[in-house]
Amino acid sequence: APDDMLGSMAAFPIPDGKPGDVASVFGDPLQDALFDQFRIEVPVVPWPQPPKRLIRISAQLYNVEGEYVKLAEALSQLL
């Protein structure tokens, strides 16, 4: 995207969901696991359609680098 379209949000492809995964109130089981096990709230959304999916982060002033490191470590454990 051009620089003038870049903002504080970004979406990244992550490995496909598993066949038969049942979405919960949050949506994707990975999103539930991130919250339940690590207290990380981040959307995991199907894109363009299941089993393909994205994780979306928002880099705002209230976030610190250590939170992104924690997310990366959690994802490496769960994926």
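**Notebook: fold, sheet and surface**

I counted 2 helices and 3 strands in the protein; these are DSSP runs numbered from the N terminus, with helices being H or I of at least four residues and strands being E of at least two. The model is a predicted one, in which local features need pLDDT of at least 70, side-chain atom pairs count only at pLDDT 80 or more, and totals for chains, interfaces and linings use all residues. Residues are numbered from 1 along each chain as its sequence is written, and side-chain values rest on heavy atoms, with hydrogens and water left out.

**Order of elements.** I read the pattern along the sequence as β-α-β-β-α.

I found that the 3 strands form an open sheet in the order 1-3-2, with antiparallel pairing; two strands pair if DSSP finds at least two bridges between them. Strand 1 (9–14) and strand 2 (44–46) are the edge strands, each pairing on one side only. From one strand to the next, the twist averages 35 degrees. Axes here are lines fitted to C-alpha atoms, for helices over the stretch in contact, and angles run from 0 to 180 degrees between N-to-C directions.

**Strand pairs.** I looked up the bridges next. Strand 1 and strand 3 pair in the antiparallel sense over 6 bridges, and Ile 14 has Arg 53 in strand 3 as its bridge partner. Strand 2 pairs with strand 3 (residues 53–58), also antiparallel, over 3 bridges. These two strands form a hairpin with 6 residues between them. Within this pairing, Val 44 stands opposite Ile 55, and Val 45 stands opposite Leu 54.

**Helix on the sheet.** I noted that helix 1 (residues 29–38) packs on the sheet and touches strand 1, strand 2 and strand 3; contact means heavy atoms within 4.5 Å. The direction of helix 1 makes about 175 degrees with that of strand 2.

**Ring and charge.** I recorded Arg 39 over the face of Phe 35, at 4.7 Å from the ring centre. The criterion is NZ of Lys or CZ of Arg within 6 Å of the ring centre and within 35 degrees of the ring normal.

**Whole protein.** I took the C-alpha box along the principal axes as roughly 40 × 25 × 20 Å. Buried residues (under 20% relative accessible area, 1.4 Å probe, protein chains only) make up 24% of the 79 residues. Among contacts between residues at least 6 apart in sequence, 56% join residues at least 24 apart. The protein exposes about 5,900 Å², of which carbon and sulfur atoms supply 59%; the areas come from the Shrake-Rupley method with a 1.4 Å probe.

Notes. Buried means under 20% relative accessible area, exposed over 50%, partly exposed in between (1.4 Å probe, protein chains only).
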